[in-house]
Amino acid sequence: MEYRILGRTQIKISEISFGSWAIGGDMWGPQDDGVSLNALRRALDLGVNFVDTAAIYGNGHSEILVGKIHAERNRAFSIATKIPPKNGRWPAQHGSPAREIFHPQWIRTHTEKSLRNLNVDCIDLQQLHVWAPNWVKENDWFLEMRRLKEEGKIRYIGVSLNDHEPDDAVELVKSGMVDSVQVIYNIFDQSPQDKLFPACQESNVGVLARVPLDEGSLTGKFTKDSKFAPNDWRKNYFSPSRLKETLSRVEQLKFLLRDGIPSLTTPALKFCISHPAVSAVIPGIRSVEQAEQNCSASDGNLLEPQILEQLKTHRWIHKYP
């Protein structure tokens, strides 16, 4: 496993880290806590030292599971979590008042709840779970986060951006308010390269790349007959027509299966960490098998420049609701 510093923080994190939405057990189909815990244990054994969770994942269940392993492993890894919007709306609406969505007391209450769920005294990275660009000038949220930092309840401040809206955070990154941003970045959605990544590199702000496998399509495992569990939110995301187009585009990426690479998962993850702005990629991991597959992508070798150039032609921002 290779490691990188998260922006201007002092956190040295594994370039393949652990996304824990699925282990919350509420929106990704059936999930067994024993399987989830073993997946996290295996990832840690393979060198993962950074876990991203959120208060909303399983209504705190993901945080509780992460906290259990954190204690079991003598707090040997860093944790990032997120504060949900008070109005419960994803994505944040442009122009909505920051004080209504992230009131200072709301931020404090949820931070303290996450501290209890995680069984820690300090959260390494606390993030807002949505973002609207006008909030950079409405800084009550930031002042409260800074107070929590001064009190020792959080170490660093971050924001998780709306899906497929990376440019909304360029001014935020330049403002110096945040230490990291979390953004969708994968072979299909390469838009963060345009403005966000250069701004992050200039301001030394860390980047957490989420949805690196396009909700699973870039593993190459989906077929026209793929079905999703009743409580798996992807049953609507990948409607029959969308699945058909996605499969066609994934098929065009099979040239990446060379040199004995058995799955698209590896080059898809390598694509993300091949950009120097990316501090870590956080694929969802819900089994030992996924932990092993994902972690194997960090072997010191990135995608060659000519492959990265070729992948530019596969850019596709579908913006599914």
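Contact here means heavy atoms within 4.5 Å. Axes are lines fitted to C-alpha atoms, for helices over the stretch in contact, and angles between N-to-C directions run from 0 to 180 degrees. Helices (H or I, at least four residues) and strands (E, at least two) are DSSP runs, numbered from the N terminus.

## About the model

This is a predicted model, in which local features need pLDDT of at least 70 and side-chain atom pairs count only at pLDDT 80 or more, while totals for chains, interfaces and linings use all residues. Residues are numbered from 1 along each chain as its sequence is written, and side-chain values use heavy atoms, with hydrogens and water left out.

## The overall picture

Let's start with the whole protein. Its secondary structure comes to twelve helices and ten strands, and the C-alpha trace spans about 50 × 40 × 40 Å along its principal axes. The radius of gyration, taken over C-alpha atoms, is compared with a globule rule of 2.2 Å times the number of residues to the power 0.38. For 321 residues a compact globule would come out near 20 Å, and the protein's 19 Å agrees with that.

Buried residues (under 20% relative accessible area, with exposed being over 50% and partly exposed in between; 1.4 Å probe, protein chains only) make up 57% of the 321 residues. Of the contacts between residues at least 6 apart in sequence, 77% join residues at least 24 apart.

## The sheet

Two strands count as paired if DSSP finds at least two bridges between them. An open sheet of eight strands runs in the order β3-β4-β5-β6-β7-β8-β9-β10, with parallel pairing. β3 (18–19) and β10 (280–281) stand at the edges with a single partner strand each, so one side of each has no neighbour in the sheet.

Strand β7 (residues 154–160) pairs in the parallel sense with β8 (residues 180–184) over three bridges, and V159 has V181 in β8 as its bridge partner. β6 and β7 also run parallel, joined by five bridges, with L125 standing opposite Y156 in β7. Six of the seven residues of β7 are buried, so this strand is largely enclosed by the rest of the structure.

## Helices around the sheet

Helix α7 (residues 196–203) lies across β8 and β9, running at about 160 degrees to β8.

In helix α5 (residues 140–150), the buried residues are W141, F142, E144, M145 and L148. They cover an arc of only 165 degrees around the axis, which puts them on the same side of α5; the arc is that of the directions from the helix axis to the C-beta atoms. These buried residues pack against β5, α3, α4 (104–118), β6 (123–128), β7 and α6 (170–175). After α5 comes G152, whose phi is positive, near 80 degrees.

## Backbone details to look at

Most residues other than glycine have a negative phi, and most peptide bonds are trans. A few spots here are worth a look on your screen. A cis peptide bond joins W90 and P91, with omega about 0 degrees; P91 is found in the loop between β5 (78–83) and α3 (98–101).

R75 is not a glycine, yet has a positive phi of about 55 degrees. R75 sits in the loop between α2 (61–72) and β5 and is partly exposed, with a relative accessible area of 44%. E215, also not a glycine, has a positive phi of about 55 degrees. The place of E215 is the loop between β9 (206–210) and α8 (234–237), where E215 is buried, with a relative accessible area of 14%.
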